[in-house]
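Reader: I would like to learn how to read domains, sheets, helix packing and a chain contact from a model. Could you take them in turn?
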Amino acid sequence: MDSTITTGAEENAWGGGNRPLGASYGKLMMWFFLVSDALTFSGFLAAYGFSRFKFIETWPIADEVFTHVPFFHGNYPMYYVAFMTFILIMSSVTMVLAVDAGHRMKKNSVIWYMFLTIIGGAIFVGSQAWEWATFINGDYGAVETKGGRILQFVKTDTGERAALNDFAKTIPGDRVAHESKNGIWFYDEGYRPSYTVNEVIEGFKANSNIVVRTETIDAEGEKMVLSRQESLSKLQSAVQVVEGANLIHNEYGNRLFADFFFFITGFHGFHVFSGVLINLIIFFNVALGTYEKRGHYEMVEKVGLYWHFVDLVWVFVFTFFYLV
Amino acid sequence: MADAHKLEIFRGLLKFKSNTQKIWGILIFLTIVTAIEVSLGITKPKALTGTTFLGMKILNWIFIILTLVKAYYIAWDFMHLRDEKSALRRAIVWTPIFLVAYLLFILLFEADYIYNVFKDGFVTWNF
């Protein structure tokens, strides 16, 4: 009805150029992207929660996994991740200061704050690379049972974790490399751990100070430690030695923990990396005076939104991966 | 939103003189919250790990609430949601909150069910 009648008021309403949300097209699109990206990350974290609730009694304890700080030896749970969190929040602050300086059309301040933001992002990505390397290399080593469970070792006198090379025996034996006559196609031998299962078990028998620590968490929230006798019978089901972590084996406990670690922090690290690249592009644009000519620094605000989002996601990853 | 910054946080308890000052104030606040989280995570006070509420340790509830507090201030002050129109703010905030709460509800209940199957069912997996 009345489809042909147009009043002046309606022409204004539908004629375009209205901004009912008070935000420009670009900014709205950035927000749409961020909402969908937030849902992606939530999906990952919810999947992590799913697996964790499924194996709630055997899930690895994060502060026993991430205990390293670069250039220092010893047990420092959480400190380095806390430092990384602070770096990311700090670079968020310099970003928001850049946006603020942009509103006031101060080109040089924007340049400096963008520069500091990029440096902060680079430090964060570097720290994450280091964290990955440490996680992949592993700490003490463990053995994996037939059922895919991890058995770790502790010293009975101190209660500290025992590394495999503290007690494993070296049994001389011939290492038969893969020979071309045994296969139709040459393939790599692959990675071999420093000790065989047999060497670990013999070392265990010879060293009365060592017991097995299982994945099971007791009522106190600590991993359950077996007696000598139970340890020996448990070790009979060991099938391989695991050092470090990858997508298939994980010396820290449940392999899903490593999978989610690589997946979630990796996806976040990729966001930080691309954020640094986008920040770099905008940094050069600012330095070349593009936004000065354009008359506004809204582009800085838009990448700023992305950068803060990366920080926001890390706050959640930090909580659900490292703290809870 | 260049000229219309809202400079009050904590429901007007704290009012900053300029936007720059507010940014530094938020940094201090976020740093304090993170420091509390980390120190709780390292010390793990017995009083907080021993008691549970709705099937989760009190300590974990504290972590999650503090995280949401941090997320609020990052979104509201760093991402300028405080200065946006309320329609935009609600569209951005409530959509994910609704969807994520729903997803978490489904997945965590299902996971707990599977946990019980593993525990009480005739399935041996921990060997």
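Author: What follows goes through the domains, the sheet, a helix pair and the contact between the chains.

Author: This is a predicted model, in which local features need pLDDT of at least 70 and side-chain atom pairs count only at pLDDT 80 or more, while totals for chains, interfaces and linings use all residues. Residues are numbered from 1 along each chain as its sequence is written, and chains are lettered from A, ligands numbered from 1, in the order in which they are written.

Reader: Into which domains is chain A divided?

Author: Domain bounds come from an automatic or database domain assignment. In chain A, domain 1 covers 23–138 + 257–323 and domain 2 covers 142–172 + 192–243. Their C-alpha centres lie 38 Å apart. The contact between them takes four residues from domain 1 of chain A and five residues from domain 2 of chain A, where contact means C-beta atoms, placed from the backbone, within 7 Å. Chain B is divided into domain 1 (1–84) and domain 2 (85–127), with 24 Å between the C-alpha centres.

Reader: In what order do the five strands of the open sheet in chain A lie?

Author: Strands of a sheet pair through backbone hydrogen bonds, either parallel or antiparallel. Strands here are DSSP runs of E with at least two residues, helices are runs of H or I with at least four, and both are numbered from the N terminus. Two strands pair if DSSP finds at least two bridges between them. In chain A the order is β4-β3-β2-β1-β5, with antiparallel pairing. The edge strands are β4 (223–225) and β5 (238–242) of chain A, each pairing on one side only. Neighbouring strands of the sheet are turned by 40° against each other on average, direction ignored.

Reader: How many bridges join β1(A) to β5(A), and how many join β1(A) to β2(A)?

Author: Four bridges join β1(A) to β5(A), and A:A142 has A:V242 as its partner in β5(A). Between β1(A) and β2(A) there are two bridges, again antiparallel, and A:E144 is partnered by A:I150 in β2(A). The hairpin of these two strands has four residues between them, and A:G148 there takes a positive phi near 85°. Strand β2 (residues 150–155) and strand β3 (residues 210–217) of chain A are joined by four bridges, and A:Q152 stands opposite A:R213 in β3(A).

Reader: At what angle do α2 and α11 of chain A pack?

Author: Axes are lines fitted to C-alpha atoms, for helices over the stretch in contact, and angles run from 0 to 180 degrees between N-to-C directions. Helix α2 (residues 25–54) and helix α11 (residues 298–323) of chain A pack at about 15°, with their axes 10 Å apart. Angles under 35 degrees count as roughly parallel, over 145 as roughly antiparallel, 65 to 115 as roughly perpendicular and the rest as oblique. α2(A) and α11(A) are therefore roughly parallel. Among the residues that meet are A:L34 and A:F41 in α2(A), and A:L305 and A:F309 in α11(A).

Reader: How many residues does each chain give to the contact between chains A and B?

Author: Chain B and chain A give 44 residues each. On the side of chain B, the elements that give two or more residues are α1 (19–43), α3 (58–78) and α4 (86–120). The largest share, 16 residues, comes from α4(B). By class, the chain B side has 28 nonpolar, 10 polar and six charged residues; Ala, Val, Leu, Ile, Met, Phe, Trp, Tyr, Cys and Pro count as nonpolar, Asp, Glu, Lys and Arg as charged, and the others, Gly among them, as polar.

Terms used: Contact = placed C-beta atoms within 7 Å.
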